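This report describes a protein model from its overall dimensions down to individual side chains. The sequence and the structure are shown first.

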Amino acid sequence: MTNIKTNQSVEFDQAILQGLPKVLRERALLCAKERRVPVEIPMLVGLSAIGTAIGKGLVVQSGRERVTRGNLFVLIGTASGIGKSEVFRDIYDPLLRFDTELSNWWQEEPAVHARAGDILFKAQISGLRTSVRKAPSASMPMFKRMQQAERARVVCARYLDAPSLLADDATSEALGELMSRSYETIATVSADARYQLKRLSVANSKEESFYLKGFSGDLTLSSRISRRSVTLRSPCLSALFLTQHDAYKTFLRNAVKNRSGLLPRFLHGDFRMSADAPPNFDLRRSATVRNNFKQRVTEILEAFRFENDSIEVTPSKEAARLLKEIEQVSRQTTVHDDSIQSEILRRRAEQCWRIALCLHAVEHGNKAAIQPLSLEHACCATAIVERFTFLKT
């Protein structure tokens with residue numbers, strides 16, 4: 001396990017494409033046809049979009065007393081001018097629209113009520129202070145009423161700003177603030193992620209630590225004198241970074257050199273411009289394919305993204321057996337190996353569970369919670385992880 005290889009030279013396995021749920025497969029093919037890009041790019045971006053839509057509202061039972069979420073870290077390196085921004089806008093359009101509509105509605109409804117409540121309770125507290133000064137003997141009953149008014153005012157303040165689905169070029173502190181008002185869930189996405197990757201390349205940095213905790217859902221406490229303290233009890237962070245080849249390779253070199261814990265968590269691909277003809281696809285169906293994907297993403301968002309308690313998906317016996325075997329083999333193979341390659345291999349089963357959950361969600365939509373996760377999706381997820389893992393054995 002000493003050879004470091006990118007997957008640039010590996011031919012895309014058509015079996016992976018055929019194993020994808022129809023909604024995602026057709027959307028990836030349409031985008032590849034229209035944008036003249038390798039189909040792997042819109043496929044990976046599509047998986048990222050589904051993971052973002054799920055948030056932590058849907059999880060899969062991946063072991064005894066263990067569940068796994070569908071948030072993904074995806075890194076894509078491309079040539080300049082290949083059209084990564086167009087692919088991002090194309091595939092993420094349902095999420096971008098939903099985020100905008102959510103923000104607009106929030107400003108018209110919840111934020112208005114929150115501002116009115118804030119003003120009302122501030123006035124009530126001010127009046128109670130005046131009453132206490134005039135009648136000091138009644139201070140204890142007044143104090144309790146002030147407590148109640150202050151609690152209500154604090155609740156109103158939480159609803160002044162809309163929750164967000166997406167963030168771009170945000171520091172860990174800013175992401176923490178956004179997540180605290182967004183059900184502890186957010187996706188940081190960028191079609192030009194050079195500077196985000198530069199920050200994440202710093203060894204043992206607070207940025208790296210925040211991303212590691214956000215991926216795994218570990219308790220995150222942020223306390224600073226200059227800003228409000230933020231507590232994230234079960235953060236759910238997704239990441240989609242598209243960048244040019246030089247930034248992509250620099251990040252990978254630094255990650256290997258620094259033994260970064262981020263590297264095992266990324267799915268990635270390095271793609272070149274291709275002279276091959278774009279995939280066959282009937283463009284007369286483009287409107288239908290776009291609408292099907294938009295409806296499915298919106299359905300998933302509305303069903304799971306804003307849930308406080310996660311809903312568990314039960315895998316079929318066959319799917320559970322396959323992924324358990326992968327986990328056992330990976331751990332046995334690396335038991336005496338402490339290299340970065342082994343760290344990546346030990347994450348393989350977890351990544352398979354995450355992708356299988358995304359495939360399951362896009363297949364079944366809002367009915368995903370009542371359907372077993374199939375062997376077909378587990379097999380497809382395994383092939384995707386094998387194809388888009390940085391280090392090969």
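Which residues do ring pairs link into a cluster? The cluster consists of Phe 73, Tyr 211, Phe 215, Phe 241, Phe 251 and Phe 266.

## Basis of the model

The model is predicted, and local features need pLDDT of at least 70, side-chain atom pairs count only at pLDDT 80 or more, and totals for chains, interfaces and linings use all residues. Residues are numbered from 1 along each chain as its sequence is written, and side-chain values use heavy atoms, with hydrogens and water left out.

## Overall fold and surface

The protein chain has 15 helices and 10 strands; helices (H or I, at least four residues) and strands (E, at least two) are DSSP runs, numbered from the N terminus. The radius of gyration is 23 Å, close to the 21 Å that the globule rule gives for 393 residues, so the chain is as compact as a globular protein of that length. This radius is taken over C-alpha atoms, and the globule rule is 2.2 Å times the number of residues to the power 0.38. Along its principal axes, the C-alpha trace spans about 85 × 55 × 45 Å.

Of the 393 residues, 51% count as buried; buried means under 20% relative accessible area, exposed over 50%, and partly exposed in between (1.4 Å probe, protein chains only). Among contacts (heavy atoms within 4.5 Å) between residues at least 6 apart in sequence, 79% join residues at least 24 apart. The accessible surface comes to about 18,800 Å², of which 49% belongs to carbon and sulfur atoms; the areas come from the Shrake-Rupley method with a 1.4 Å probe.

The chain carries 57 positive and 44 negative side chains, and the centres of the two sets lie 5 Å apart. Lys and Arg count as positive and Asp and Glu as negative, while His and the chain ends are not counted. Each charge is placed at NZ of Lys, CZ of Arg, CG of Asp or CD of Glu.

## Aromatic pairs

Rings of Phe, Tyr and Trp (its six-membered ring) pair if their centres lie within 6.5 Å; planes under 30 degrees apart count as stacked, over 60 as edge-to-face and the rest as tilted. The count by this rule comes to 11 aromatic pairs. In one of them, the ring centres of Phe 73 and Phe 215 are 4.8 Å apart and the planes stand at 65°, so the pair is edge-to-face. This pair links distant parts of the chain, with Phe 73 in strand 3 (residues 73–78) and Phe 215 in helix 9 (residues 206–216), 142 residues apart. Both Phe 73 and Phe 215 are buried.

Tyr 183 and Phe 306 also form an edge-to-face pair, at 5.6 Å centre to centre and 70° between the planes. Tyr 183 lies in the loop between helix 7 (172–180) and strand 5 (185–190), and Phe 306 in the loop between helix 11 (286–305) and strand 10 (311–313), so the pair ties together parts 123 residues apart in sequence. Tyr 183 is partly exposed at 33% relative accessibility, and Phe 306 is partly exposed at 21%.

## Backbone at two loop residues

Most residues other than glycine have a negative phi. Glu 184, in the loop between helix 7 and strand 5, has a positive phi of about 60°; Glu 184 is buried, with a relative accessible area of 16%. Arg 259, in the loop between helix 10 (245–258) and strand 9 (266–271), has a positive phi near 55° and is partly exposed at 36% relative accessibility.
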